Amino acid sequence: MPEPRTVATHCPYCALQCGTRLSHERGSAAVRPSDFPVNRGRLCQKGWTAPALLDVPDRLRHPLVRSADDELTPVDWNTALDTVASGLRRIRAQHGPDAAAVFGGGGLTNEKAYLLGKFARLALGTSQIDYNGRFCMSSAAAAGTAAFGLDRGLPFPVTDLGQADVVMLVGANAAETMPPLMQHLDRADLIVVDPRRTPTAERAALHLQPAPGTDLALALGLLHIAVVDGRCAGDYIRDRTTGFGAAWQRAMTWWPERVERITGVPVSAQRRAVRMLGEARRAYVLTGRGAEQHSKGTDTVAGFINLALALGLPGREGSGSGCLTGQGNGQGGREHGQKADQLPGYRLITDPQARAHVAGVWGVPPDSLPGSGRSAYELLDSLGSDNGPRALLVFGSNPAVSAPHAGRVTERLASLDLLVVADFVPSETARMADVVLPVTQWAEEEGTMTSLEGRVLRRRRLLSPPSGVRSDLEVLHGLAVRLGEPGHRYPTSPPEVFEELRRASRGGKADYSGISYERLDAGEALHWPCPDVPDAGEPHPGTPRLFLDGFAHPDGRARFAEVDHRDAAETATPDHPLHATTGRVLAQYQSGAQTRRVAALNEAAPEAFVEVHPDTADRAGLRDGELAQVSSVRGSTVARVRLVGTMRLDTVFLPFHFPGPGRANLITNAALDPRSGMPEFKVCAVRIEPCPVRATAVHA
């Protein structure tokens, strides 16, 4: 069957999932944007250059196994899979099923994420599975579930933002991380909460610039002003929420002057923010990683949800609150079983009814399913320890660069008896592996993704993969059979896996049972929940807007959260007097394993850098363009100095995309949010000084 010359698909990067037309002409692929609702004919620099990923020079094309002389050597697939299976059998026999672990990714298709969770729990019998999405949206997910009874990043379509009067973006630099989104914000007055004067903040009507780690104090102060100034939606609070009194008791002590002392945000700016939101007919409060990646990230997001509830925004058409999900399938990836505490359909693995339903779909007894395992960093930190996993299978992730306290994580990866990485490029984690399995990438596979607005989308194949490459589904099937599982339990066809996913999700919070490839290929816009209702006559249309008739708690009411500010897990000291915060830049993505291989992107952002206020740099003896060493109690990273006059004097910023000595995560703090398991990427105590030796290895 000839390959199609053009397919309608989606960008392989962020959760906006911009629509594209991907074509193959004269031996190379080309992309152009489609008039899809979220991007409307636009793409960012990463989207325009995405076809370059398809023929990067170091593409993995054959399985690799580490030889006796410690070199990764090409082998055939049977040898590679036999090596993995025999190692897993040996380790499980010696140490038990939880000695084998799985680490997934927020970029995997729904089908891959689903089958990966099933493989871990049935073929391996392990509870030790989590994924890198824990580092992205977990705090917002925990806060949203507690407040609304359901977690969907945006409980409304992106296009609704185009009619907003005011949008508050808390810790979200959308102008760099998802540029096509900004066209939907052209009409609105933006309130941007960010310690940096980002490109998004440059477009704002009001920029609130709190010290890193103080966002929750700001949220409490804004709620205080809303109450005292009479801007709360009293009828809405009475009729549609519970818990306001307890939340107000906490916020009562956060008068504006106290908030200014803690955050540095002037009282006048606090009052203006509340006035803008309170007077708007249509207003939204949206959080990003800046609010979420803290040891109190769940409480911080809850604080801003409290503000939105007090103003009567969630569950009202034309207004609302939500989270700008980051990774390409960050939404779907957290719904179908690759999280430590989760089963498909956004079910909890500790729920007996959920276990019975999913076990029934899988054809196993409910009590054969393992329980909840460690969260992502806890899992990585335990590798190779007496009570931790001795083998790790990594799919679609690069924790050697992306995890906090990266030096510690690299040590733990190196201590394993067996490290297996499935990827399409030799990432930093893959280079450490005992076995590397080359797998398909976005334009070589079929599947579904779920965007930040909960819309399920079709990823379509344009090209066949290289001859030595297999799909992740084929890898899981091959391993499962070698471990004694029946082959039919692990389909290799994405449509067949999706049909099973539909059944497994039926009745869950993220119900996909009414969604099919046929409906998606017919062009239907289907947002979950979309249950199968066979007796209704017409198929369920999906749910683009949640909560209009009530929230997902049994009583239909949203919950205010009783939260209070506390310091970051690590505060400045005389030895480490500055705050460091991390984030993304326009031309790179996540750990950079993909984008650092695209020449145009690397030219735009070729090396690690640190943004520093000129006065701070002067005190440290640094000049623009010099190499600096940025150090925390965990380690040091090397970066090129950029003097930025809008930076706070007490704060430096580093992007986290770069490897080697330029890894920003060598300094970040692994202190965890007790509810979400989110590490504190966004604030740690550091010092900055001239690089003590001539270092040049900060490039991609």
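User: How many bridges join strand S4 to S5, and are the two parallel or antiparallel?

Analyst: Three bridges, and they run antiparallel. S4 covers residues 64-66. Strands are DSSP runs of E, at least two residues, and helices are runs of H or I, at least four, numbered from the N terminus. Two strands pair if DSSP finds at least two bridges between them.

User: What can you say about the source?

Analyst: This is a predicted model: local features need pLDDT of at least 70, side-chain atom pairs count only at pLDDT 80 or more, and totals for chains, interfaces and linings use all residues. Residues are numbered from 1 along each chain as its sequence is written, and side-chain values use heavy atoms, leaving out hydrogens and water.

User: What is the strand order in the sheet?

Analyst: S5-S4-S18-S17-S16-S6-S7, an open sheet with mixed pairing. The edge strands are S5 (72-74) and S7 (129-131).

User: Which strands does helix H18 touch?

Analyst: H18 (residues 472-482) touches S16, S17 and S18 (contact: heavy atoms within 4.5 Å). Its direction makes about 155° with that of S16. Axes are lines fitted to C-alpha atoms, for helices over the stretch in contact, and angles run from 0 to 180 degrees between N-to-C directions.

User: Which residues of H18 are buried?

Analyst: Asp 472, Leu 473, Val 475, Leu 476, Gly 478, Leu 479 and Ala 480. Buried means under 20% relative accessible area, with a 1.4 Å probe and protein chains only. Their cover includes H2, H3 (110-123) and H19 (494-505).

User: And what follows H18?

Analyst: Gly 484, with a positive phi near 95°.

Methods:
Buried < 20%, exposed > 50% of the residue type's maximum accessible area, 1.4 Å probe, protein only.
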